[in-house]
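Here is a short walk through one protein model. Keep the sequence and the 3D view open side by side.

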Amino acid sequence: MRLTKSSERLKSIKKAGIFLKPNSPEIKEDFFKIKKCFDVHNIEFILEENSAKMINEDHGKSLEEICEEVDILLSIGGDGTLLSAVRSSFKYDIPILGIHMGTLGFLTDIVLEELPSFLNDLMNDNYRIDNRMLVECKIGDKTYVAFNDIVISRKTVSSMLKVNAKINGESFNSYHGDGVIISTPTGSTAYNLSVGGPIVYPLTEAFIITPVASHSLTQRPLVMPAEIEIEFKIKDSQGAVILIDGQDIIEARDEAIIKVTIADKKAKLIHRTKRDFFKVLNEKLGWGNN
């Protein structure tokens, strides 16, 4: 396992593509406040077409058009909005800045009140770009990309799912229970955490494999190096359900094979230089407050 560190700098900051939190037309007022902050630095905004429609603005553009023009992408919402923006745009290698309008904020660390100060830092080269690991999931002839996790889940509540697992072609485990989570370090504080999986530093490159409601007391979460290929085979006549970042839902038949590897590209997140992951944990999880 290794850490992915980056000294990457933005070549220019003249145009920003904007993703807004879906189904939240009330965010329009905050959008214009944010736009004024960027106008001070002569940074042009281009709204993603669905975001533009939501707040009744003209001139929205498709993701492909935006990514051909902009220097950064801006996600306005919560962690879910940023996750969607990453998954939509990762292949274009454009760094993303998250502005926090949600309830948790493990990924989005800039709030509206801090934006003017942060933009001054951004324009003065005082920021960092974190490269976060993504995973690829192949199911049949289709490939999906996950930022947080891939969940293999039972199809009905009345039955227990069996999944056979291999690492680099060699059998290593059989999971019996509600399912299995294959998480990235970024996703270790999401569903993985809620079922007792370990928290892994987000710039680490590793897979976290966590059983969900295992039928065996000997089954425990595993942290594995990202260089391996993990293969899961469904052993259930009813099949299973595969969830990619909680956003894509795929039905898998009995005997279906799911292959998971590290993706070639990384998610690029723009952060304050002083952002500290352990302080975020302290704040969000209430550590040390007894």
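In this predicted model, helix 7 spans residues 277-285, and its buried residues are Phe277, Val280 and Leu281. Look down the helix axis. These buried residues fall within an arc of 100°, so they line one face of helix 7.

Next, check the two ends. Asp276 caps the N-terminal end of helix 7. One of its side-chain oxygens lies 2.8 Å from the backbone nitrogen of Phe278. After helix 7 comes Gly286, with a positive phi near 70°.

Ala213 has a phi of about 50°. Ala213 sits in the loop between strand 12 (204-212) and strand 13 (222-225). Glu255 has a phi near 80°. Its place is the loop between strand 16 (248-252) and strand 17 (257-271). Is Glu255 buried, exposed or partly exposed? Its relative accessibility is 35%, which lies between the 20% and 50% cut-offs, so Glu255 counts as partly exposed.

Move on to strand 5, residues 96-100. Five of its five residues are buried. In a regular strand, side chains alternate between the two faces of the sheet. In strand 5, both faces are covered. Ile96, Gly98 and His100 are buried on one side. Leu97 and Ile99 are buried on the other.

Which strands pair with strand 5? Strand 4 (residues 72-77) is one of them, running parallel to strand 5 over five bridges. Within this pairing, Leu73 has Ile96 as its bridge partner. Strand 17 also runs parallel to strand 5, joined by two bridges. Here Leu97 is partnered by Ile270. Follow the chain from strand 4 as well. Strand 4, helix 4 (residues 79-89) and strand 5 form a right-handed β-α-β unit.

Finish with the nonpolar cores. In soluble globular proteins, nonpolar side chains tend to be buried together. The largest nonpolar core in this model has 31 residues. Within that core, Ile152, Phe207 and Phe232 touch the most other members.

How values were computed. Residues are numbered from 1 along each chain as its sequence is written. Side-chain values use heavy atoms; hydrogens and water are left out. A nonpolar core is a set of buried Ala, Val, Leu, Ile, Met, Phe, Trp, Tyr and Cys residues joined through side-chain atoms within 4.5 Å. Buried means under 20% relative accessible area, exposed over 50%, partly exposed in between (1.4 Å probe, protein chains only). Helices (H or I, at least four residues) and strands (E, at least two) are DSSP runs, numbered from the N terminus. The arc is that of the directions from the helix axis to the C-beta atoms. A polar contact is a pair of N or O atoms within 3.5 Å; within protein, one must be able to donate a hydrogen and the other to accept it, and residues adjacent in sequence count only if both atoms are side-chain atoms. Two strands pair if DSSP finds at least two bridges between them. A crossover is right-handed if, with the strands pointing away from the viewer, the path from the first strand over the helix to the second runs clockwise.
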